[in-house]
Each structure stands twice: as C-alpha cells, then as structure tokens.
Amino acid sequence: MADKIKVVIDGIPTEVEPGTTILNAARQIGGDIVPPAMCYYSKLEGSGGKCRTCLVKVTKGSEKDPRPMPKLVASCRTNVMDGMEVLNITSPEVVEARKGVVEMLLINHPLDCPICDQAGECHLQDLSYEHGLATTRYEFDRRTFDKIDIGDKIQLHMTRCILCYRCVYVADQITEGRVHGVLNRGDHAEISTYIQKAVDNDFSGNMVDVCPVGALTDKTFRFKNRVWFTKPVEAHRDCPTCSGKVTLWYKGEEVLRVTARKDQWGEAEEFICNTCRFDKKETKDWVIEGPRNVSRHSVINANHYYELNPAQVVKKNPELMEANKNQFERAKKF
Ligand code: SF4
Ligand code: SF4
Ligand code: FES
C-alpha cells in the first residue's frame, strides 16, 4: 500500500490515502471544518464539481511545491498532496465566497419552505440560515415551471432544483436505462424526463433521497406531515431486490414514509428499492430495530431523546449531555 499523505485542514493535521479529495480528508477529521457539499455524493461516480458550496483555500500546495493555489478550489474535486495546507471555516475569504454561492443558489429559488416536504432536512435551508442574506439583490422574475410527474410515485418541482445532477447520476448508475437528464444550459437548464417518459424501474425512488432540496418529492408522503413531527425508526425486511434496511417515519401508529438510512453526511447508506420505499407502509411488513439516532443539530431531533439512561448518553454523546444537563438532572429525580 502506498504511503499515507499528510494534510492540514483548518490547523488540524491528518493522514489519508493517496487520491483522497480535500472534502473526504475533512470528513475523516469530522466536525465543523467539513465543507458543505450540495452536489457531491460519495456513492455516485462523477458527482461533485457543480455547486461550488465546498470551496476551500489551499494556502500551501504541497511539500514539494509550497506555493498557494491562486484561486479557491472545489474540495470535492481536488485531491490532497503531501504537505498540503487548507483553510475552510478559518478563512474569511472562503466564508465570504460561500455566502456568494448561497446567494447565487437562491436567486431563482422559491420561498417554499413553509410548504416544502424537504423543510427540516434540507441542506439548502441550513446553508441559507448559516450564510444567506435575509434579502435578495435579484431584481428579475424567478424561473417558474409546472410540476412534472416522474412516474406515479415521484414529483419534480423544477423551481426548487439547484441542478446538482445527483438524480441524473442515480438514474444513470443505479437504474436500468436512463430516461432523464439535464436539458439546455445556463438559465434555461432543467431536469427533464424527455417527453415526460416515466422513470419506471426498481430503484428510481432513490432520486428522492439524493436530492439535496425539495425538488424531487415522494408522492406517497407529500404534504402528509412536517418531518420534525414524525418519529424515525430503523427497520429491515427480507427483500429480494435490495438490502431491505430502511428508516420508517412514524406518526402515531402510521408509517408515513420509508427512506434509505442516511449517514452523518446526509447520504444514503444503502440504496433501497421502490417496493420497500413505496409499497411497504405497514408495521407488520417490517422487523423494527429501534429508534434512529438523529444528529443533535437536526431539527428532527427536537423533543426526541436518545436514551433514558443519562450515564449512557454521556458515554455516547457528551455534548448532548452537556447541552441538556438540566433536563437530565430533573429526569433523574423521577
Ligand atoms: S428546497 Fe429547502 S430551501 Fe427550498 S423551499 Fe424546500 S426546504 Fe426551503
Ligand atoms: S432535482 Fe434534485 S437531485 Fe436532481 S438535479 Fe435538481 S436538485 Fe439535484
Ligand atoms: S460539493 Fe463540491 S462543487 Fe458541489
């Protein structure tokens, strides 16, 4: 095996395999220094390089050639070199540039959050909250499109699409015979199913999971509930088509939706088939494993408890324990 490569990101050193991108090196370190990624998706070959949210500053190119890179670079598409030094959140230039990227992503984006199914688990919403302006400098009319049905289970709201291409890669790489893609370029670019051909195959539902915004929505879940009122539970079934490992989203006794399990970067751990996603909405269809751990920063986490035993919480998530110290102290008295 080739020697590991040393890289320093926001002052934190790490060692990674040759060929690792700056983004993935940052993910290995974890925490706030990881650049946001709206188009890169580790399970989709060729993804990345479209949205520019992952820009970083390379202050030292490598040990051999220590010159800084003249412009900010997309961390999802730039490999680390031995001795490279990178700045992300510690560079005001990067923070300012990211703010500009978010503003750009939002110029044509509708103010749909109150009625959008993605709200509460939307990376664009998080980014605008962190970097966006409260106002827009855009003076022209926003692009408008009619809603398009992609098969009988998925709906495309093109107005919310940020053209990240992830759904195109899903259709290309994990379904048979791609029948949708990006038509036209620039301000006219749009996701299209070419003459409205339905994407009808076993894995097309994964387009909904990879979409970072609410452009592709699950028609069996649309407008049924806000995600933060639902309870995510891990479950599995013996499925002949996929791994059958999913997250069920409950409201009371009712399974409102079924999704793939997402990792800490919001990516599906394993892609699931349409039968599991759309047709198995009864508890009896599943073997329940237990409640899903959701990120403390997620709005879905509101009012959900990880464990009943504070000692276990300390072991598992000391930050959570610190943040909820008073509640746990009170809980211990009962
Ligand atoms: S895609 Fe995200 S930012 Fe856009 S309307 Fe939906 S929740 Fe809001
Ligand atoms: S529909 Fe969603 S996944 Fe597809 S390109 Fe648009 S934003 Fe990306
Ligand atoms: S995540 Fe790197 S350009 Fe989109």
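Predicted model: local features only at pLDDT ≥ 70, side-chain atom pairs only at ≥ 80, totals over all residues.

User: How many helices and strands does the protein chain have?

Analyst: The protein chain has nine helices and 14 strands.

User: And what share of the residues is buried?

Analyst: Of the 334 residues in the protein chain, 34% are buried. As for contacts between residues at least 6 apart in sequence, 61% join residues at least 24 apart.

User: Let's do strands. How do β1 and β2 run?

Analyst: They run antiparallel. β1 covers residues 5-9 and β2 covers residues 12-16, with five bridges joining them. One of the bridge pairs is Val8 with Pro13 in β2.

User: Which strands make up the open sheet?

Analyst: Three strands do, in the order β6-β7-β10, with antiparallel pairing. β6 (148-150) and β10 (216-218) are the edge strands, each pairing on one side only. On average, neighbouring strands of this sheet are turned by 30° against each other, direction ignored.

User: How many bridges are there between β7 and β10?

Analyst: Three bridges, in the antiparallel sense. β7 is residues 154-156. Leu156 has Leu216 in β10 as its bridge partner.

User: Which ones are buried?

Analyst: In α4, they are Arg166, Cys167, Val168, Tyr169, Val170 and Ala171.

User: What covers them?

Analyst: The cover on the buried residues of α4 includes β8 (181-183), β9 (190-192), α5 (206-210) and β10.

User: Now the ligands. Which residues surround ligand 1?

Analyst: Ligand 1 is surrounded by His109, Asp112, Cys113, Cys116, Gln118, Ala119, Cys122, Leu124, Gln125, Arg160, Val213 and Gly214. By class, that shell has six nonpolar, four polar and two charged residues.

User: And how many surround ligand 2?

Analyst: Ligand 2 has 14 residues around it. The closest are Cys161, Cys164, Cys167, Cys211 and Ala215. Cys167 is also one of the buried residues of α4.

User: How does the shell around ligand 2 divide?

Analyst: Into 13 nonpolar, no polar and one charged.

How values were computed
Residues numbered from 1 in each chain as written. Chains lettered and ligands numbered in written order. Near = placed C-beta within 6 Å. Nonpolar A, V, L, I, M, F, W, Y, C, P; charged D, E, K, R; others polar. Helix = DSSP H or I, 4+ residues; strand = E, 2+ residues; numbered from the N terminus. Buried ≥ 20, exposed ≤ 12 C-beta atoms within 10 Å, placed from the backbone. Contact = placed C-beta atoms within 7 Å. Pairing = 2+ DSSP bridges. Axes fitted to C-alpha atoms, helices over the stretch in contact; angles between N-to-C directions.
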